[in-house]
Amino acid sequence: MKLTFLGAAGMVTGSSYLLEVGTQKILVDCGMFQGSKTITANNRREFLYDPTAIDCVILTHAHIDHSGLLPKLCKAGFKGMIYATKVTNELCGIMLPDSAHIQEFDAEIENRKGKRAGRKPVEPLYSIDDARICLTHFSPVDYDTVVTLSPIVKVCFRDAGHILGSAMIEVWVTEEGKTTKLVFSGDLGQPNQPIIKDPTLIDEADYIIVETTYGNRLHEDYDKEEKLASIINASVARGGNIIIPSFAVGRTQTMLYYLHNLLKSGRIPEMPVIIDSPLAISATDIFLHNTQDYDTEAIDMLYKDHDNPLLMPQLRFTKTAEESRALNELDKPAIIISASGMCDAGRILHHLKHNLWRSEASILFIGYQAQGSLGRRLVEGARKVKVLGEEISVKAKIHSLDGFSAHADQQQLLTWLSYFKTKLANIFLVHGESEASETFAQIIKEKMEVSTYIPNLGDVATLTGRVWQVEEAEVTSPAVKQLHDYLDVLDREYIEQRKKLEQMGGADNSKIAEIMRSLEKVHSYMNKTLNGL
Ligand SMILES: [Zn+2]
């Protein structure tokens, strides 16, 4: 069988893998690339496979970086089924049309600018209609139930403990009478998250494809409610709002659980908690009526204490854009939870515009911020940022709490991996920036003595039973290829010039030494660029 890495390879977004067994082609996730312009350019590229030839998709969870290109896939002629859990199915029902709405809106803005500049109009990546058609391909599957995709491929969805409905997927492939087992971790949750169950422990596999978002980091171990209370109380004392950019699905509901506890115990003052994101409101509704997937603590709260962990009297939902804009006029501090979590789009932008410049306000990040996102720039301490076309000076207190992450950290990933009792043939490390994956690869080598491989975009692994080899992807983009060639020429020129300067006296002559230093600088910058390509 062949496994092609189509996304989340050397980065955290765009999750997608193509599994080919004989003539069967199964896609695992079909996620959108998010973050910088170079990364998001991948969304516009043609698929590296023929979409009409794909038999089915198995989808780990609803987050857009795992599901967001499914409407594009269907638009390109995919006719098969998309297998996902009931909750993932329902969440995609709101998230894919929402994503389509953003695509249509972005294209409209681009075209308005383009018209003035005399450029050709651009098409949205996909439309709301495309998203609706895509939803008709979904087929819900139960957790812990083996689904036979064909006589030679069986799969089983297990709770990944990441967001409600999330799954890791076990895949059994039988070739020439021998069965090989792959486990796709999907996004692996952090144990002890409120409401949702802990990640399932699996003890058998030949190959694991594991995410490494936090492969080089440990979540800080601290009292989350205590920390949250201190940030909120300090902000209230200054008279400022608490703005929480949050992923609509998952993180928002986790935050509701903590705020529920803080308000109920009186550890923060009475104040409105506002969910200002139509998507987060719909997602919360889906969470509220899918209690069958809650963990025992949340079930006990619901049925023994008759206390809903997601609801509180202070909670308000703002459905319309007018209601949202009215929040800018609030005269008393409020907690405003809005999307998108990385501040790339959505209503969060106008809350940032109205609060970033106020020294009394707090902006509280509770999730991963991808390279190139506005959220990442704020967390890294930018003093000035552009929001909705306006330059805003950052005076608000910026807090970043990573303990709220829905992803396992280095130790939790290792604990999950160490539960496998069979000798693993290989672990593929995906869904991580290169530093995270490389650090984690080193740790696996030391502690588990299992081989690892960090794939690049387009790499193809051939798995023959427990023997595997990878055909590395060529640099396909002509622009990148041209840049490589250009940098090669510069590199040769550098060596040539350096030689000449050394012959002229080098370090002995201060003028020549100065030229050599600037040449070194250019060369090191050039190498960095080359490594980054
Ligand atoms: Zn996710």
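The following questions and answers go through the fold of a predicted model.

Student: How are the residues numbered, and which pLDDT limits apply?
Tutor: Numbering starts from 1 along each chain as its sequence is written. In this predicted model local features need pLDDT of at least 70 and side-chain atom pairs count only at pLDDT 80 or more, while totals for chains, interfaces and linings use all residues.

Student: What radius of gyration does the protein chain have, against that of a compact globule?
Tutor: The radius is taken over C-alpha atoms, and the globule rule is 2.2 Å times the number of residues to the power 0.38. With 533 residues, the rule gives a value near 24 Å. The protein chain agrees with that, at 25 Å.

Student: What percentage of the residues count as buried?
Tutor: A residue is buried if 20 or more other C-beta atoms, placed from the backbone, lie within 10 Å of its own. Of the 533 residues, the buried ones make up 42%.

Student: Which strands stand at the edges of the parallel sheet of 6 strands?
Tutor: Strands are DSSP runs of E with at least two residues, numbered from the N terminus, and two of them pair if DSSP finds at least two bridges between them. The order in this open sheet is β14-β13-β15-β12-β16-β19. The end strands each have a single partner, so one side of each is left without a neighbour in the sheet. They are β14 (315-317) and β19 (397-400).

Student: Which residue of β19 is the bridge partner of Phe365?
Tutor: Strand β16 (residues 362-365) runs parallel to β19, and 4 bridges join them. The partner of Phe365 in β19 is Ser400.

Student: Which residues of α7 make the contact with α6?
Tutor: Two residues are in contact if their C-beta atoms, placed from the backbone, lie within 7 Å. On α6 the residues are Lys224, Glu225, Leu228 and Ala229. On α7 they are Tyr258, Asn261 and Leu262.

Student: Which strands are at the edges of the mixed sheet?
Tutor: This open sheet has 7 strands in the order β7-β8-β9-β10-β11-β20-β21. The edge strands pair on one side only, and they are β7 (146-150) and β21 (452-453).

Conventions. A residue is buried if 20 or more other C-beta atoms lie within 10 Å of its own, exposed if 12 or fewer, and partly exposed in between; C-beta atoms are placed from the backbone.
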